[in-house]
Amino acid sequence: MAKRLLPDDALRALARWWSENAARLPDKTPGAHTVRYTPSRWAQITPWPAALASSSGDGDAAVSRAQVTSIVTDAVRREAFTEALVATYVWGKGKAGSPGGSGPATLRSILTVDDLEAALADAITALSEHSAAAAYATLRGRVPGLGPSFFTKFLYFTGKTVPPANGPGPLVLDRLLARRMRSLASQVGRETGHDPDGSIAAWVWRDRDWSPHRYQVYLSFLHAAAHQAASHDGWPSDASPDLLEYALFNAAW
(Lines give C-alpha, C1' and ligand atoms only; values in the text may rest on other atoms or scores of the structure.)
Protein backbone atom coordinates (compact mmCIF):
# COMPACT_ATOMS: atom_id res chain seq x y z
CA MET A 1 0.00 0.00 0.00
CA ALA A 2 2.86 2.38 0.76
CA LYS A 3 4.19 1.96 -2.78
CA ARG A 4 0.88 1.84 -4.63
CA LEU A 5 -1.19 4.25 -2.53
CA LEU A 6 -4.63 4.89 -4.07
CA PRO A 7 -5.71 2.76 -7.06
CA ASP A 8 -7.11 4.39 -10.20
CA ASP A 9 -10.74 3.67 -9.34
CA ALA A 10 -10.31 5.42 -5.99
CA LEU A 11 -8.73 8.45 -7.66
CA ARG A 12 -11.65 8.62 -10.10
CA ALA A 13 -14.13 8.36 -7.22
CA LEU A 14 -12.35 11.17 -5.38
CA ALA A 15 -12.53 13.35 -8.50
CA ARG A 16 -16.28 12.72 -8.74
CA TRP A 17 -16.72 13.47 -5.06
CA TRP A 18 -14.80 16.73 -5.37
CA SER A 19 -16.83 17.85 -8.38
CA GLU A 20 -19.97 17.39 -6.29
CA ASN A 21 -18.63 19.05 -3.13
CA ALA A 22 -16.17 21.76 -4.25
CA ALA A 23 -18.75 24.54 -4.07
CA ARG A 24 -19.42 23.98 -0.36
CA LEU A 25 -15.72 23.59 0.51
CA PRO A 26 -14.22 26.69 -1.14
CA ASP A 27 -11.11 26.74 1.06
CA LYS A 28 -10.28 23.14 0.01
CA THR A 29 -10.47 21.92 3.60
CA PRO A 30 -13.31 20.11 5.40
CA GLY A 31 -13.85 23.13 7.65
CA ALA A 32 -17.43 23.54 6.46
CA HIS A 33 -18.25 19.89 7.25
CA THR A 34 -21.18 20.35 9.63
CA VAL A 35 -22.77 17.92 12.07
CA ARG A 36 -26.22 18.33 13.58
CA TYR A 37 -26.81 17.54 17.26
CA THR A 38 -29.54 17.97 19.86
CA PRO A 39 -28.14 20.15 22.67
CA SER A 40 -30.83 19.23 25.21
CA ARG A 41 -29.72 15.58 25.12
CA TRP A 42 -26.37 16.74 26.51
CA ALA A 43 -27.86 18.83 29.33
CA GLN A 44 -26.04 16.89 32.06
CA ILE A 45 -22.62 17.33 30.45
CA THR A 46 -20.15 19.72 32.07
CA PRO A 47 -18.02 21.55 31.25
CA TRP A 48 -20.17 22.63 28.31
CA PRO A 49 -18.34 24.83 25.75
CA ALA A 50 -19.95 28.27 25.61
CA ALA A 51 -19.62 28.36 21.82
CA LEU A 52 -21.93 25.36 21.44
CA ALA A 53 -25.68 25.93 21.48
CA SER A 54 -27.18 26.12 24.96
CA SER A 55 -28.03 22.65 26.25
CA SER A 56 -31.16 24.08 27.88
CA GLY A 57 -32.68 25.02 24.53
CA ASP A 58 -35.08 23.09 22.33
CA GLY A 59 -34.54 21.69 18.88
CA ASP A 60 -31.40 20.85 16.98
CA ALA A 61 -28.22 22.81 16.36
CA ALA A 62 -25.27 22.46 14.02
CA VAL A 63 -21.52 22.73 14.47
CA SER A 64 -18.83 22.62 11.78
CA ARG A 65 -15.26 21.38 11.86
CA ALA A 66 -14.10 24.99 11.67
CA GLN A 67 -16.20 25.90 14.70
CA VAL A 68 -14.94 22.92 16.70
CA THR A 69 -11.39 23.91 15.76
CA SER A 70 -12.05 27.38 17.18
CA ILE A 71 -13.58 25.96 20.36
CA VAL A 72 -10.67 23.56 20.88
CA THR A 73 -8.08 26.24 20.15
CA ASP A 74 -9.58 28.46 22.85
CA ALA A 75 -9.93 25.59 25.33
CA VAL A 76 -6.37 24.34 24.81
CA ARG A 77 -4.96 27.82 25.30
CA ARG A 78 -6.82 27.97 28.63
CA GLU A 79 -5.69 24.39 29.42
CA ALA A 80 -9.37 23.44 29.61
CA PHE A 81 -8.66 20.08 28.03
CA THR A 82 -11.86 18.37 29.19
CA GLU A 83 -13.90 21.15 27.59
CA ALA A 84 -12.04 20.54 24.35
CA LEU A 85 -12.86 16.84 24.58
CA VAL A 86 -16.56 17.59 25.07
CA ALA A 87 -16.65 19.71 21.91
CA THR A 88 -14.95 17.02 19.81
CA TYR A 89 -17.13 14.28 21.28
CA VAL A 90 -20.41 16.09 20.60
CA TRP A 91 -19.27 16.82 17.05
CA GLY A 92 -18.19 13.21 16.58
CA LYS A 93 -21.40 11.76 17.90
CA GLY A 94 -23.87 14.25 16.44
CA LYS A 95 -27.39 12.92 16.44
CA ALA A 96 -26.30 9.35 15.75
CA GLY A 97 -26.83 7.17 18.79
CA SER A 98 -27.87 10.00 21.06
CA PRO A 99 -31.67 9.42 20.98
CA GLY A 100 -31.11 6.33 23.10
CA GLY A 101 -28.68 8.16 25.34
CA SER A 102 -25.56 6.29 24.23
CA GLY A 103 -23.58 9.42 23.39
CA PRO A 104 -24.32 11.52 26.46
CA ALA A 105 -24.30 8.51 28.80
CA THR A 106 -20.89 7.35 27.60
CA LEU A 107 -19.48 10.85 27.77
CA ARG A 108 -20.77 11.32 31.34
CA SER A 109 -18.96 8.13 32.32
CA ILE A 110 -15.74 9.28 30.63
CA LEU A 111 -15.90 12.62 32.43
CA THR A 112 -15.95 10.87 35.82
CA VAL A 113 -12.51 9.29 35.28
CA ASP A 114 -10.20 10.69 37.96
CA ASP A 115 -7.16 11.42 35.82
CA LEU A 116 -8.98 12.45 32.64
CA GLU A 117 -7.57 15.98 32.59
CA ALA A 118 -4.06 14.64 33.20
CA ALA A 119 -4.45 12.04 30.45
CA LEU A 120 -5.50 14.69 27.94
CA ALA A 121 -2.69 17.01 29.05
CA ASP A 122 -0.16 14.18 28.68
CA ALA A 123 -1.42 13.45 25.16
CA ILE A 124 -1.01 17.10 24.16
CA THR A 125 2.50 17.13 25.60
CA ALA A 126 3.35 13.97 23.66
CA LEU A 127 2.02 15.62 20.51
CA SER A 128 3.97 18.83 20.97
CA GLU A 129 7.21 17.12 22.01
CA HIS A 130 7.08 13.95 19.92
CA SER A 131 4.47 12.88 17.37
CA ALA A 132 0.84 12.11 16.69
CA ALA A 133 1.57 8.41 17.16
CA ALA A 134 3.11 9.14 20.59
CA ALA A 135 0.01 11.11 21.57
CA TYR A 136 -2.13 8.20 20.37
CA ALA A 137 -0.08 5.78 22.48
CA THR A 138 -0.54 8.04 25.51
CA LEU A 139 -4.34 7.83 25.31
CA ARG A 140 -4.77 4.25 24.10
CA GLY A 141 -6.41 2.26 26.88
CA ARG A 142 -5.87 4.97 29.48
CA VAL A 143 -9.41 6.37 29.81
CA PRO A 144 -12.18 3.77 30.14
CA GLY A 145 -14.83 4.31 27.50
CA LEU A 146 -12.69 6.63 25.38
CA GLY A 147 -11.53 4.62 22.40
CA PRO A 148 -9.53 5.59 19.31
CA SER A 149 -12.58 6.47 17.22
CA PHE A 150 -13.19 9.42 19.55
CA PHE A 151 -9.81 10.28 21.01
CA THR A 152 -8.37 10.61 17.49
CA LYS A 153 -10.99 13.30 16.95
CA PHE A 154 -9.63 15.07 20.03
CA LEU A 155 -6.08 14.69 18.67
CA TYR A 156 -7.12 15.89 15.21
CA PHE A 157 -8.66 19.12 16.46
CA THR A 158 -5.93 19.66 19.04
CA GLY A 159 -3.33 19.23 16.31
CA LYS A 160 -4.69 22.32 14.58
CA THR A 161 -3.33 24.34 17.51
CA VAL A 162 -0.51 22.09 18.75
CA PRO A 163 1.31 20.64 15.73
CA PRO A 164 3.43 17.53 16.31
CA ALA A 165 7.16 17.97 16.78
CA ASN A 166 7.79 15.14 14.33
CA GLY A 167 5.87 13.42 11.58
CA PRO A 168 2.46 14.05 10.04
CA GLY A 169 -0.34 15.78 11.86
CA PRO A 170 -3.09 13.75 13.51
CA LEU A 171 -6.21 12.75 11.60
CA VAL A 172 -9.43 11.01 12.57
CA LEU A 173 -9.37 7.21 12.47
CA ASP A 174 -12.66 5.48 13.18
CA ARG A 175 -14.38 2.24 12.23
CA LEU A 176 -15.55 3.46 8.82
CA LEU A 177 -12.14 4.79 7.84
CA ALA A 178 -10.50 1.58 9.05
CA ARG A 179 -12.88 -0.35 6.81
CA ARG A 180 -11.88 1.86 3.89
CA MET A 181 -8.24 1.04 4.62
CA ARG A 182 -9.15 -2.64 4.89
CA SER A 183 -10.78 -2.52 1.47
CA LEU A 184 -7.71 -0.88 -0.06
CA ALA A 185 -5.36 -3.35 1.66
CA SER A 186 -7.48 -6.32 0.54
CA GLN A 187 -7.34 -5.14 -3.06
CA VAL A 188 -3.54 -4.84 -2.92
CA GLY A 189 -3.29 -8.22 -1.20
CA ARG A 190 -5.34 -9.95 -3.90
CA GLU A 191 -3.44 -8.37 -6.76
CA THR A 192 0.00 -9.09 -5.30
CA GLY A 193 -0.86 -12.54 -3.97
CA HIS A 194 0.40 -11.63 -0.49
CA ASP A 195 -3.09 -11.76 1.05
CA PRO A 196 -5.38 -13.55 -1.43
CA ASP A 197 -8.32 -13.99 0.95
CA GLY A 198 -8.02 -10.64 2.73
CA SER A 199 -7.50 -12.20 6.16
CA ILE A 200 -4.38 -10.18 6.91
CA ALA A 201 -6.09 -6.94 5.89
CA ALA A 202 -9.07 -7.82 8.09
CA TRP A 203 -6.81 -8.37 11.09
CA VAL A 204 -4.58 -5.35 10.54
CA TRP A 205 -7.47 -2.98 9.82
CA ARG A 206 -9.96 -4.34 12.34
CA ASP A 207 -12.86 -2.22 13.57
CA ARG A 208 -11.29 -0.98 16.81
CA ASP A 209 -8.24 -0.78 19.09
CA TRP A 210 -5.61 -0.08 16.46
CA SER A 211 -2.03 -0.04 17.67
CA PRO A 212 0.03 3.19 17.74
CA HIS A 213 2.09 1.71 14.90
CA ARG A 214 -1.06 1.17 12.84
CA TYR A 215 -2.11 4.76 13.49
CA GLN A 216 1.31 5.94 12.28
CA VAL A 217 0.92 3.81 9.15
CA TYR A 218 -2.51 5.32 8.58
CA LEU A 219 -1.20 8.88 8.91
CA SER A 220 1.77 8.22 6.64
CA PHE A 221 -0.52 6.63 4.05
CA LEU A 222 -3.07 9.46 4.05
CA HIS A 223 -0.47 12.21 3.84
CA ALA A 224 1.28 10.42 0.96
CA ALA A 225 -2.06 9.68 -0.74
CA ALA A 226 -3.05 13.34 -0.42
CA HIS A 227 0.12 14.26 -2.32
CA GLN A 228 -0.67 11.57 -4.90
CA ALA A 229 -4.25 12.80 -5.36
CA ALA A 230 -3.05 16.39 -5.75
CA SER A 231 -1.08 15.37 -8.85
CA HIS A 232 -4.17 13.99 -10.60
CA ASP A 233 -6.85 15.85 -12.49
CA GLY A 234 -10.05 16.41 -10.57
CA TRP A 235 -8.50 16.88 -7.12
CA PRO A 236 -7.26 20.27 -5.86
CA SER A 237 -3.48 20.52 -5.95
CA ASP A 238 -3.33 22.43 -2.66
CA ALA A 239 -5.90 20.44 -0.69
CA SER A 240 -5.25 19.56 2.95
CA PRO A 241 -4.76 15.91 4.03
CA ASP A 242 -7.89 16.12 6.17
CA LEU A 243 -9.91 16.84 3.02
CA LEU A 244 -8.81 13.42 1.76
CA GLU A 245 -9.77 11.85 5.11
CA TYR A 246 -13.24 13.43 4.82
CA ALA A 247 -13.60 12.30 1.21
CA LEU A 248 -12.52 8.73 1.97
CA PHE A 249 -15.21 8.65 4.65
CA ASN A 250 -17.86 9.67 2.12
CA ALA A 251 -16.82 8.83 -1.45
CA ALA A 252 -18.07 5.62 -2.99
CA TRP A 253 -16.20 3.30 -5.36
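Modeller: Let me start with Leu5, which counts as buried, since its relative accessibility is 14%. Keep in mind that this is a predicted model.

Colleague: OK, and where is Leu5 placed?

Modeller: Leu5 is in the segment before α1. Its phi is positive, about 60°, although Leu5 is not a glycine.

Colleague: Then there's Glu79. What is its phi?

Modeller: Glu79 has a positive phi near 60°, and Glu79 is a residue other than glycine. You'll find it in the loop between α2 (65–77) and α3.

Colleague: Is Glu79 buried or exposed?

Modeller: Exposed, because its relative accessibility is 57% and the cut-off for exposed is over 50%.

Colleague: Which peptide bond is cis?

Modeller: The bond from Thr46 to Pro47 is cis, with omega near 0°. Pro47 sits in the loop between β1 and β2 (61–64).

Colleague: And what does Thr82 touch, leaving aside neighbours within four places in sequence?

Modeller: Pro47 turns up there, along with Leu111, Leu116, Glu117 and Leu120. Thr82 itself belongs to helix α3, residues 81–93, and it is buried, with a relative accessible area of 12%.

Colleague: Switching to α6. Which of its residues are buried?

Modeller: Helix α6 covers residues 132–139, and Ala132, Ala133, Ala135, Tyr136 and Leu139 are buried in it. Looking down the axis of α6, these buried residues fall within an arc of 160°, so they line one face of the helix.

Colleague: Why would that kind of spacing give a face?

Modeller: An α-helix has 3.6 residues a turn, so residues three or four places apart point the same way.

Colleague: What do the buried residues of α6 pack against?

Modeller: They pack against α5 (116–129), α7 (148–159) and α10 (212–230). After α6 comes Gly141, with a positive phi near 75°.

Colleague: Now the core. Which residues touch the most other members of the largest nonpolar core?

Modeller: That core has 81 residues, and Leu6, Trp17, Tyr218, Trp235 and Leu244 touch the most other members.

Colleague: Tell me about Trp235. What is it in contact with, beyond four places in sequence?

Modeller: Quite a list: Leu14, Trp17, Trp18, Ala229, Ala230, Leu243, Leu244 and Ala247.

Colleague: What about holes? How many cavities of 30 Å³ or more are there?

Modeller: The count is 1, and the largest cavity has a volume of about 40 Å³. Trp235 is in its lining, together with Leu11, Leu14, Ala15, Ala229, His232, Asp233 and Gly234.

Colleague: Which helix gives the most to that lining?

Modeller: Helix α1 (residues 8–21) does, with 3 residues. By class, the lining has 5 nonpolar, 2 polar and 1 charged residues.

Colleague: And the pockets? What is the volume of the largest pocket?

Modeller: About 450 Å³. The largest pocket has 19 lining residues, and Gly92, Lys153, Asp174, Leu176 and Phe249 lie nearest its centre. The elements giving two or more residues to this lining are α3, α7, α8 (175–192) and α11 (241–250).

Colleague: How does the second largest pocket look by class of residue?

Modeller: Its lining divides into 13 nonpolar, 4 polar and 2 charged residues, while the lining of the largest pocket has 9 nonpolar, 4 polar and 6 charged. The second largest pocket holds about 320 Å³ of space, and Met1, Ala185, Val204, Trp205 and Arg214 lie nearest its centre.

Colleague: Last one: Arg24. Where does it sit, and what does it contact beyond four places in sequence?

Modeller: Arg24 is in the loop between α1 and β1 (34–37), and it contacts Trp17, Ala32 and Tyr246. It is partly exposed, with a relative accessible area of 38%.

Conventions
Residues numbered from 1 in each chain as written. Predicted model: local features only at pLDDT ≥ 70, side-chain atom pairs only at ≥ 80, totals over all residues. Heavy atoms only, no water. Buried < 20%, exposed > 50% of the residue type's maximum accessible area, 1.4 Å probe, protein only. Contact = heavy atoms within 4.5 Å. 1 Å grid on protein atoms, 1.4 Å probe; cavity = no way out; pocket = protein on both sides within 12 Å on 5 of 7 lines; lining within 4 Å. Points joined across faces, edges and corners; volume = space filled by probe spheres on them. Nonpolar A, V, L, I, M, F, W, Y, C, P; charged D, E, K, R; others polar. Arc of directions from axis to C-beta. Core = buried A, V, L, I, M, F, W, Y, C linked by side-chain atoms within 4.5 Å.
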